[in-house]
Amino acid sequence: MKIQGTGITKAFNRKTVLDINNFTVEDGDFWGIIGPNGSGKSTLLRLISKLTEPSSGEITYEPRDKEQSIKRSMTLVFQKPYLLRTSVYNNVAYPLQIRQIHPTEIRRKVEEMLTSFQIESLANQKAWTLSGGEAQKVALARALVFNPELIMLDEPTANIDPASIMLLEDRLRSHYQKSKPTVLMVTHNLQQTKRLCNKVAFMYEGKIHDYGSIEHVFGPDGTSLVKSFIQQGII
Amino acid sequence: MQNIFEGIKDALILLTTLDPEFYAIVRLSLFVSLTATVLASIIAIPSGIVIGIKDFPGKKIIIRVIYTLMSMPPVVIGLIIFLLLLRSGPFGHYRLNFTPTAMIIAQFCLVTPIITGVVVNGTKERGQDIRELARTFGASRTQTLWLLIRELRINIMSAIVTGYGRAISEVGAVMVVGGNIRGHTRVMTTTIAMLRNMGEYSLAIATGIVLLLISFFINSLLYYWQQER
């Protein structure tokens, strides 16, 4: 899915928190969105995912143009995912159930996803009893199970153990290579950006300060602001 | 103290002798309160969810009005309904005063704000997270509302139990609009009030114990249903 934004602003209580002239995400890109806290990264994801309307400007999604069709072809995973008060199995099945997919197909896809994320033994466990790492695996499995064209991740591996981070990254990479969705991932983990993404955008004070390939943004051609933030360990 | 012990004994006798008049009173009490609670739930649950998650002008005032109505004295609600249903009143041509229908209307008005208020509170806490989850998967409005009801079911059950408890235990409203007519609008609470006036304390206590037992049974059913799901 290709996404284009023009003249995007977002203000809360008359304070502008996001102001982007234009941006383009090509179909099949894997973008890492980095920047210090309060730079507008999460707000940008909320706008693209249509959870929030922009104060001004427009975002277009190609090849889709109908509102419901756009919403049905993307998903957003939060840092602290909300899991439904039911079993792990039912959580992963939810996106398929609302798409009225045949129960046999739902069972096949959910079991495949649970195995892939090594959580098949948790299938019948109540979701509210899971640890942080397990909950995030369930959230990512639930996001990938319906094969969305656009996947947005808001700090998906923050506050979870290294083993779970490795597994989630591995599953994400594998899904990306297989299905080639467009991915936008907000992260504070520089190494993770280098491991997973092929493009990176650096946001600062509500604007996209620099963007491009990993080599460009993190290399000698990168801006002094990005270098200074990296040196100070802020991102 | 003697009256209480005799009341317990009389309660057992009432329950075991299958007195038709007493069982008619119990049936009418259950019918009126359950009907009022079900009708109120149909209106109050979706309203409470919508008020809880949506931001709109006047929301704070509406919530304050709901909270105020939650503590409205039943006798005042009974009086208002009675006046509206009087022959000279705006709905007088329906001739509903002193009928079980009027009692259901009065209890519906009493219970609706209670269920709405409890649901609003629960929705404010988690409703936004649930709504956003549904939207991140492209759920339709109906699917989102259904998910909210499913996810907030414990809160909704608490609201229904609270509403039902209020309906089955109130005496003021049903007394005013029903009139406590024997064999027609007499329910357990109005029977207790009447027996107290007649000095039949042990029989009043017995009726109260039966009322409590029924409430315990219905609450247990609701609690079991809530736990199972």
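Predicted model: local features only at pLDDT ≥ 70, side-chain atom pairs only at ≥ 80, totals over all residues.
1. The helix α5(B) bends by about 55 degrees at Arg126(B).

2. The surroundings of α5(B) can be stated simply. Of its 37 residues, 26 are buried, so the helix is largely enclosed by the rest of the structure. After α5(B) comes Gly138(B), which has a positive phi near 75 degrees.

3. Phe98(B) sits in the loop between α4 (74–85) and α5 (100–136) of chain B. Its phi is positive, about 65 degrees, although Phe98(B) is not a glycine. Most residues other than glycine have a negative phi, and most peptide bonds are trans. Phe98(B) counts as partly exposed because it has 17 C-beta neighbours inside 10 Å, and a residue needs 20 or more to be buried.

4. For chain B as a whole, there are 10 helices and 0 strands. Read along the sequence, the pattern is α-α-α-α-α-α-α-α-α-α. The C-alpha trace spans about 65 × 45 × 25 Å along its principal axes. Chain B has 229 residues, of which 41% count as buried. Taking contacts in chain B between residues at least 6 apart in sequence, 76% join residues at least 24 apart.

5. Chain A also has a residue with positive phi. Arg14(A) is not a glycine, but its phi is about 70 degrees. Arg14(A) lies in the loop between β1 (2–12) and β2 (15–25) of chain A. Is Arg14(A) buried or exposed? Arg14(A) is exposed, because 6 other C-beta atoms lie within 10 Å and the cut-off for exposed is 12 or fewer.

6. A cis peptide bond is present in chain A. It joins Glu62(A) and Pro63(A), with omega about 10 degrees. Pro63(A) is placed in the loop between β4 (56–62) and α2 of chain A.

7. The contact between the chains takes 13 residues from chain A and 11 residues from chain B. On the side of chain A that touches chain B, α2 (67–72), β5 (74–77) and α3 (88–97) of chain A each supply at least two residues. Of the elements, α2(A) gives the most to this side, with 3 residues. By class, the side of chain A that touches chain B has 7 nonpolar, 3 polar and 3 charged residues.

8. Leu84(A) deserves a separate point. Leu84(A) is found in the loop between β5 and α3 of chain A. Which residues does Leu84(A) contact, leaving aside its neighbours within four places in sequence? They are Asn90(A), Asn91(A), Tyr94(A), Ala127(A) and, from chain B, Glu151(B). Leu84(A) counts as buried because it has 21 C-beta neighbours inside 10 Å, and the cut-off for buried is 20 or more. Between Leu84(A) and Val25(A) there are 59 residues of separation in sequence and 31 Å in space, C-alpha to C-alpha.

Key. Residues numbered from 1 in each chain as written. Chains lettered and ligands numbered in written order. Contact = placed C-beta atoms within 7 Å. Helix = DSSP H or I, 4+ residues; strand = E, 2+ residues; numbered from the N terminus. Nonpolar A, V, L, I, M, F, W, Y, C, P; charged D, E, K, R; others polar. Bend = angle between axes of the 7 residues up to and from the residue.
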